[in-house]
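Biologist: Could you walk me through how the helices in this one pack together? I am new to this, so please take it slowly.

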Amino acid sequence: MVRDDLAKVARYAERPAEGLDLTLDMRGTPIQRRVWNTLRSIPLGKTRSYTQVARLINTAYPQLTARIVANACAANPLALVIPCHRVIRADGELAGYRWGLERKRELLDKEASA
């Protein structure tokens with residue numbers, strides 16, 4: 001089963017327009033899981049700022065800030081499946097990415113052309 005899921009993720013990395021359907025067991029704090037679920041709702045080829053993501057979730061967690069969103073992204077163990085690469089700075093620039101800014105840029109470019 002793990003091999004099949006890894007194959008799905010590998011295909012998704014090459015052809016993001018085909019989508020990715022996996023059942024996840026996301027382990028993290030309640031706020032991290034809420035951030036990760038919100039990131040999964042960002043459409044392919046689109047981005048949101050850390051502040052925008054915080055505002056989307058703010059009704060449930062009034063203390064949520066862009067910094068907490070960034071920390072949840074940094075703690076994300078499931079690259080691509082939880083698309084932290086779709087979160088950018090408010091000024092439109094790329095910000096830190098656990099797997100490097102070059103990879104983040106490549107993922108965003110690939111999704112934009114899908």
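Biologist: Which residues of helix H4 are buried?

Modeller: Keeping in mind that this is a predicted model, the buried residues of helix H4, which covers residues 66-74, are Val69, Ala72 and Cys73. Seen down the axis of H4, these buried residues fall within an arc of 100°, so they line one face of the helix.

Biologist: And what covers the buried residues of H4?

Modeller: The cover includes helices H2 and H3, together with strand E2, which is residues 87-88.

Biologist: Let's take H3 then. At what angle do the axes of H3 and H4 cross?

Modeller: The axes of H3 and H4 cross at roughly 100°, and they come within 8 Å of each other. An angle from 65 to 115 degrees counts as roughly perpendicular, and H3 and H4 are therefore roughly perpendicular to each other.

Biologist: Which residues meet there?

Modeller: From H3 there are Tyr50, Thr51, Val53 and Ala54, and these meet Ala66, Val69, Ala70 and Cys73 in H4. Sorted by class, the residues of this contact of H3 with H4 divide into 7 nonpolar, 1 polar and no charged.

Biologist: Which residues of H3 are buried?

Modeller: In H3 the buried residues are Tyr50, Val53, Ala54 and Ile57. Looking down the axis of H3, you would find them within an arc of 100°, so they line one face of that helix. On the other side of H3, Arg55 and Leu56 are exposed. The buried residues of H3 have a cover that includes H2, strand E1 (48-49), H4, E2 and helix H5.

Biologist: Ala54 keeps coming up. What does Ala54 touch?

Modeller: If we leave out residues up to four places away in sequence, Ala54 touches Leu64, Thr65, Ala66 and Val69. Its relative accessibility is 5%, which is why Ala54 counts as buried. Ala54 and Ala70 are 16 residues apart in sequence, while their C-alpha atoms are 9.6 Å apart in space.

Biologist: Back to H2. How do H2 and H3 cross, left-handed or right-handed?

Modeller: The crossing of H2 and H3 is right-handed. The axes of H2 (residues 30-40) and H3 (residues 50-57) come within 10 Å and cross at roughly 110°, and H2 and H3 are therefore roughly perpendicular to each other. On the H2 side the contact is made by Arg34, Val35, Thr38 and Leu39, and on the H3 side by Val53, Leu56 and Ile57. By class, this contact of H2 with H3 has 5 nonpolar, 1 polar and 1 charged residues.

Biologist: Changing topic to the loops, is His85 buried or exposed?

Modeller: His85, which has its place in the loop between H4 and E2, counts as buried because its relative accessibility is 0%. Not counting residues up to four places away in sequence, His85 touches Leu80, Tyr97, Lys104, Leu107, Leu108 and Glu111.

Biologist: And where is Ala90 found?

Modeller: Ala90 is found in the loop between E2 and helix H5, which covers residues 101-112. With a relative accessibility of 69%, Ala90 counts as exposed, because the cut-off for exposed is over 50%.

Biologist: How many residues apart in sequence are Ala90 and Thr51?

Modeller: Ala90 and Thr51 are 39 residues apart in sequence, and from C-alpha to C-alpha they are 6.8 Å apart in space.

How values were computed. Residues are numbered from 1 along each chain as its sequence is written. This is a predicted model: local features need pLDDT of at least 70, side-chain atom pairs count only at pLDDT 80 or more; totals for chains, interfaces and linings use all residues. Side-chain values use heavy atoms; hydrogens and water are left out. Axes are lines fitted to C-alpha atoms, for helices over the stretch in contact, and angles run from 0 to 180 degrees between N-to-C directions. Helices (H or I, at least four residues) and strands (E, at least two) are DSSP runs, numbered from the N terminus. Angles under 35 degrees count as roughly parallel, over 145 as roughly antiparallel, 65 to 115 as roughly perpendicular and the rest as oblique. A crossing is left-handed if the near helix is turned anticlockwise from the far one by less than a right angle, and right-handed if clockwise. Contact means heavy atoms within 4.5 Å. Ala, Val, Leu, Ile, Met, Phe, Trp, Tyr, Cys and Pro count as nonpolar, Asp, Glu, Lys and Arg as charged, and the others, Gly among them, as polar. Buried means under 20% relative accessible area, exposed over 50%, partly exposed in between (1.4 Å probe, protein chains only). The arc is that of the directions from the helix axis to the C-beta atoms.
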